[in-house]
Amino acid sequence: MSLQERTRTEAAVEAKERWVARGVATGPVAVARAEGAWIEDVDGRRFLDFAGGIGCQNTGHNLPAVVEALREQLDRYLHQCFVVGMYEPYVEVCQRLAELSPCRGAEQKSFLANSGAEALENAVKISRAATGRPAVVVFQNAFHGRTLLAMTMTSKLVYKKGFGPFAPEVYRTPAPYPYRGVSSADAISSLERLFKSDVDPESVACVVLEPVQGEGGFIPMPPDFPPRLRELCDRHGILYVDDEVQAGMCRTGPLWAIEHYGVEPDLITTGKSLGGGLPLAGVTGRAEVMDAAHPGGLGGTFGGNPLSCVAALAVFDAVTEPAFQAHATALGERIRGRLEEIAARVPAVGEVRGLGPMLALELVEDRDTKAPAAALASATTAAALERGLLLLACGIYSNVVRILVPLVVSDDDVDHGLEILEASLVDASARAG
Ligand SMILES: Cc1ncc(COP(=O)(O)O)c(C=O)c1O
């Protein structure tokens with residue numbers, strides 16, 4: 001093919017392969033612009049976005065209030081480093097996080113960072129400082145990030161293979177996964193056994209749990225699990241860290257997923273949609289815990305940069321509107337209804353699951369054996385892309401198709417996307433079988 005015949009997408013893919021490290025795996029879409037729930041690529045093709053930059057666009061691409069806030073901030077200043085020159089938007093984001101915090105305690109404080117991984121790392125640092133204990137307990141199927149400690153806490157080999165040795169004092173135990181036979185009771189008794197066999201609970205600083213495991217397969221914790229974990233933490237003086245980097249900011253309907261469970265964690269980690277498309281993450285919790293880290297112990301050059309903070313303030317205005325949360329909940333019911341219909345028609349769907357609009361299909365080769373159908377999941381996302389739908393797989397077996405559509409999507413668009421999803425799944429199943 002001559003140079004002229006190449007599409008801009010093909011040229012972009014070729015350039016990416018030449019210049020970008022291959023460890024950064026990416027799909028073949030070269031984005032030119034985005035708005036709401038839609039993306040347009042460099043060749044003018046439009047895609048309905050069921051991925052949202054992996055859950056970063058709950059308020060939609062280019063929310064006008066975010067863009068407006070950024071424009072105003074561009075004329076003021078771009079970077080200060082909060083350690084050097086403090087600025088009001090950072091403090092205001094911390095105040096909003098405190099006012100909206102689901103955590104235990106009347107007085108809340110926050111620390112801002114660049115990424116979810118950094119928030120998780122700092123939640124562990126703060127927990128260690130507050131308790132004087134070294135150990136961290138995490139769960140199977142967890143995803144907490146890609147930096148050394150966060151990667152150690154993560155439970156999927158593709159993110160870890162070849163990258164050890166890992167951080168010490170991280171202990172892992174099964175999380176509930178009812179579809180694959182792990183109940184709340186099983187998970188609690190495994191944790192109790194861990195406290196007999198591997199780590200003294202009196203040396204555990206914190207347990208870290210996603211209320212809905214994201215990368216691990218959109219597995220919502222059963223209703224009784226977070227309360228039982230909270231009780232276990234209280235018995236041993238362990239801090240409960242609620243990782244809402246993916247499940248927070250209305251992804252499950254209410255602002256925080258933990259609200260579904262009636263549990264008050266000690267610390268919450270936030271990120272992704274918090275910045276409305278800009279890099280921002282946070283750790284929030286009661287003042288005495290957050291203040292356990294000494295002055296100078298927390299920080300970073302760019303964490304909580306001014307642009308991200310003004311964007312987050314606009315995002316908070318949007319997501320705290322009761323109508324926004326009501327729409328997210330209604331959207332969840334709509335999507336779940338459609339997914340149940342798809343499951344009734346397509347035998348490869350082993351389970352429809354999730355919480356609110358954070359929903360997914362677990363695909364299997366056989367409903368009885370539940371053998372994971374990873375190839376089918378990737379064939380489905382590829383077929384969806386050809387039809388104009390951006391869709392992501394996830395799961396410990398890479399056999400789960402997840403929906404992270406911007407919560408501002410219209411009913412017509414979401415129905416259209418779900419029709420594409422079904423057609424792609426049917427096509428991919430026919431090809432596989
Ligand atoms: C639950 C959870 N925690 C932490 C992270 C890490 O966030 P980041 O990729 O911003 O480092 C993610 C990212 O997917 C996540 O889903």
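Visitor: What span should helix α8 have, at 1.5 Å a residue?
Guide: Helix α8 covers residues 225-236, and its 12 residues should span 16 Å at 1.5 Å a residue. The end C-alpha atoms are 17 Å apart, which agrees. The expected span is 1.5 Å times one less than the number of residues. Helices are DSSP runs of H or I with at least four residues, strands are runs of E with at least two, and both are numbered from the N terminus. This is a predicted model, in which local features need pLDDT of at least 70 and side-chain atom pairs count only at pLDDT 80 or more, while totals for chains, interfaces and linings use all residues. Residues are numbered from 1 along each chain as its sequence is written.

Visitor: Which residues of α8 are buried?
Guide: They are F225, P226, L229, R230 and C233. Seen down the axis of α8, these buried residues fall within an arc of 135°, so they line one face of the helix. The arc is that of the directions from the helix axis to the C-beta atoms. A residue is buried if 20 or more other C-beta atoms lie within 10 Å of its own, exposed if 12 or fewer, and partly exposed in between, with C-beta atoms placed from the backbone.

Visitor: Why would they share a face?
Guide: An α-helix has 3.6 residues a turn, so residues three or four places apart point the same way.

Visitor: And what is exposed on the other side of α8?
Guide: E231, D234 and R235 are exposed there. The buried residues of α8 pack against α7 (184-197), β7 (204-209) and β10 (239-243); a contact requires C-beta atoms, placed from the backbone, within 7 Å. Just after α8, G237 has a positive phi of about 70°.

Visitor: What about α7, then: which of its residues are buried?
Guide: A187, L191 and F195 are the buried residues of α7. Viewed down the axis of α7, they fall within an arc of 85°, so they line one face of the helix. R193, K196 and S197 are exposed on the face turned away from that buried side. The buried residues of α7 pack against β6 (170-173) and α8.

Visitor: Changing topic, which residues are closest to the ligand?
Guide: The closest are S115, G116, A117, V245 and Q246, among 15 residues that surround the ligand.

Visitor: Is C250 buried or exposed?
Guide: C250 counts as buried, with 28 C-beta neighbours inside 10 Å. C250 lies in the loop between β10 and β11 (267-270). Leaving aside residues up to four places away in sequence, C250 touches N58, L255, V319, F324, Q325, A328 and L407.

Visitor: And E321, buried or exposed?
Guide: E321 is exposed, with 12 other C-beta atoms within 10 Å. E321 is in the loop between α10 (306-319) and α11 (322-345).

Visitor: Finally, how many helices and strands does the protein chain have?
Guide: The protein chain has 13 helices and 17 strands. Buried residues make up 50% of its 433 residues. The C-alpha trace spans about 60 × 60 × 45 Å along its principal axes.

Key
Contact = placed C-beta atoms within 7 Å. Near = placed C-beta within 6 Å.
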